[in-house]
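Hi,

Here is the structure I promised to pass on. Have a look at it first, and then read my notes below.

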Amino acid sequence: MQENIKDPYHASLLHVFFITFGLFRADQKSAIEMDEKGRHAVLVSRRNAGGENKEVTKDAGSFKDGLKLEDMRVMDVAHEPWWGEPTVVMQTIFPSVIIQQQINSLSTRQIIPVSPGVFDFVWTHFGFATDDEAMTTRRLRQANLFGPAGYVSGDDGEVIEFSQQGLSAYPEGQCVVKLDGDGTHNTQHMVTETAIRAMYKYHRETIT
Amino acid sequence: MNANALFLAIQQRNADYAAAIDSGDLAAWVELFTDEALYLAQPRENADRGLPLATIRCEGKGMLRDRVLAIQKTMVFTPRYVRHIISAPRVSGMMSVSNFVVFQTLHMKPTQILATGEYRDEWVEEGGELKLKTRRAVFDTELVPNSLIYPL
């Protein structure tokens with residue numbers, strides 16, 4: 001699940017809801033920044049019509065033209081001063097915590113290992129004590145995008161399960177992720193798995 | 001409607017509700033609600049503590065139809081059967097509470113319990129038909145087996 005958040009490119013390929021409704025595209029102005037050891041990362045991006053990095057996303061095909069929400073209140077975004085310019089900030093804190101802001105939806109996800117290959121995933125949504133009723137309602141509506149029934153994160157649990165089942169057939173095999181080369185550097189775009197490689201580099205240096 | 005007739009009418013609507021979701025006729029599921037209805041699938045932990053967050057929240061038919069659109073057009077998930085078993089209602093005025101169990105069956109896997117819980121409902125009569133004004137599906141099963149695709 002840390003890999004899920006450290007792999008921003010999948011969002012454009014997988015999450016039809018994200019890309020169709022303009023919330024998240026790999027060609028948005030964005031950055032991936034890590035701590036000096038590559039353990040923790042933050043993916044920062046700004047919602048827009050996309051296009052600033054068009055060349056690297058021209059083949060991303062999950063956009064479905066013609067889909068419209070009947071009730072746009074789920075996507076009623078109100079800018080909050082503390083955001084600054086970004087509209088999405090996904091922090092992965094090694095080894096087991098994710099703190100996310102995606103438009104007005106704020107949540108933490110905690111990974112609790114159960115046994116080899118099995119973990120529990122605890123979502124906690126939050127707001128601020130100073131939120132007015134309209135903001136609380138907005139956050140509750142936007143929560144439809146996340147959690148186990150989320151328009152976006154529902155996809156992740158399902159696809160990670162497919163992947164785990166697929167990989168389990170080859171226990172002796174190794175999986176190498178080499179989109180955007182094999183570096184572990186910060187980037188100014190999201191078409192990269194640099195943060196995954198950096199985490200495993202740290203993991204191997206420290207644990208094995 | 002007298003009390004017996006109402007009891008039977010709620011039973012009938014709950015049977016229609018189960019049939020709509022379990023057969024995949026989600027458009028029929030939407031039509032069981034009023035235009036301004038509130039549908040929540042909410043963990044019991046939140047309901048008991050008076051916390052408002054729901055796993056699925058639909059305010060009105062537009063959001064219900066958007067949920068159907070997402071299930072049918074945008075969400076990526078393993079095909080599955082779901083099966084709703086709904087108990088007789090405990091009726092009080094136009095409110096009722098019914099227990100539910102939802103089973104889930106993935107291809108070539110044993111059937112599992114997806115969720116148990118209770119529907120906390122408010123009904124209204126519209127054009128001679130009973131409709132859901134509010135359905136809060138409060139589920140005990142806080143540890144959802146991976147994902148919740150179809151409504152409870």
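Let me start with strand S1 (residues 30-34) of chain A: A:Ser30, A:Ile32 and A:Met34 make up its covered face, while A:Ala31 and A:Glu33 sit on the uncovered one. Helices and strands here are DSSP runs numbered from the N terminus, with H or I over at least four residues for helices and E over at least two for strands.

Before I go on, the housekeeping: this is a predicted model, so local features need pLDDT of at least 70 and side-chain atom pairs count only at pLDDT 80 or more, whereas totals for chains, interfaces and linings use all residues. Residues are numbered from 1 along each chain as its sequence is written, and chains are lettered from A and ligands numbered from 1 in the order in which they are written.

**The sheet in chain A**

S1(A) pairs with strand S2 (residues 41-45) of chain A in the antiparallel sense, over 5 bridges (strands pair if DSSP finds at least two bridges between them). Within that pairing, A:Glu33 has A:Val42 in S2(A) as its bridge partner. The hairpin of S1(A) and S2(A) has 6 residues between the strands, and A:Gly38 takes a positive phi near 80° there.

Both strands belong to an open sheet of 6 strands in chain A, in the order S1-S2-S3-S4-S5-S6 with antiparallel pairing. S1 and S6 of chain A are at the edges with a single partner strand each, so one side of each has no neighbour in the sheet. From one strand to the next, the twist averages 15° (axes are lines fitted to C-alpha atoms, for helices over the stretch in contact, and angles run from 0 to 180 degrees between N-to-C directions).

At the other end of that order, strand S5 (residues 105-115) of chain A and S6(A) pair in the antiparallel sense over 8 bridges. A:Ser107 has A:His125 in S6(A) as its bridge partner, and A:Pro113 stands opposite A:Phe119 in S6(A). S5(A) and S6(A) also form a hairpin, with 2 residues between them, and A:Gly117 in the turn has a positive phi of about 80°.

**A residue in H7**

A:Arg197 is in helix H7 (residues 194-207) of chain A. Is A:Arg197 buried or exposed? Buried, because it has 21 C-beta neighbours inside 10 Å (the cut-off is 20 or more other C-beta atoms within 10 Å for buried, 12 or fewer for exposed and partly exposed in between, with C-beta atoms placed from the backbone). The C-alpha atoms of A:Arg197 and A:Glu3 are separated by 9.3 Å, though the two residues are 194 apart along the chain.

**Where the chains touch**

Chain A gives 26 residues to the contact and chain B gives 25 residues (in contact means C-beta atoms, placed from the backbone, within 7 Å). On the chain A side, helix H3 (16-20), strand S6 (118-125), helix H5 (133-142) and helix H6 (153-168) each supply at least two residues. H6(A) has the largest share, 6 residues.

**Chain B**

Chain B has 4 helices and 7 strands, in the pattern α-α-β-α-β-α-β-β-β-β-β along the sequence. Its C-alpha trace spans about 45 × 30 × 30 Å along the principal axes. Of the 152 residues in chain B, 34% are buried.

Cheers

Key
Contact = placed C-beta atoms within 7 Å.
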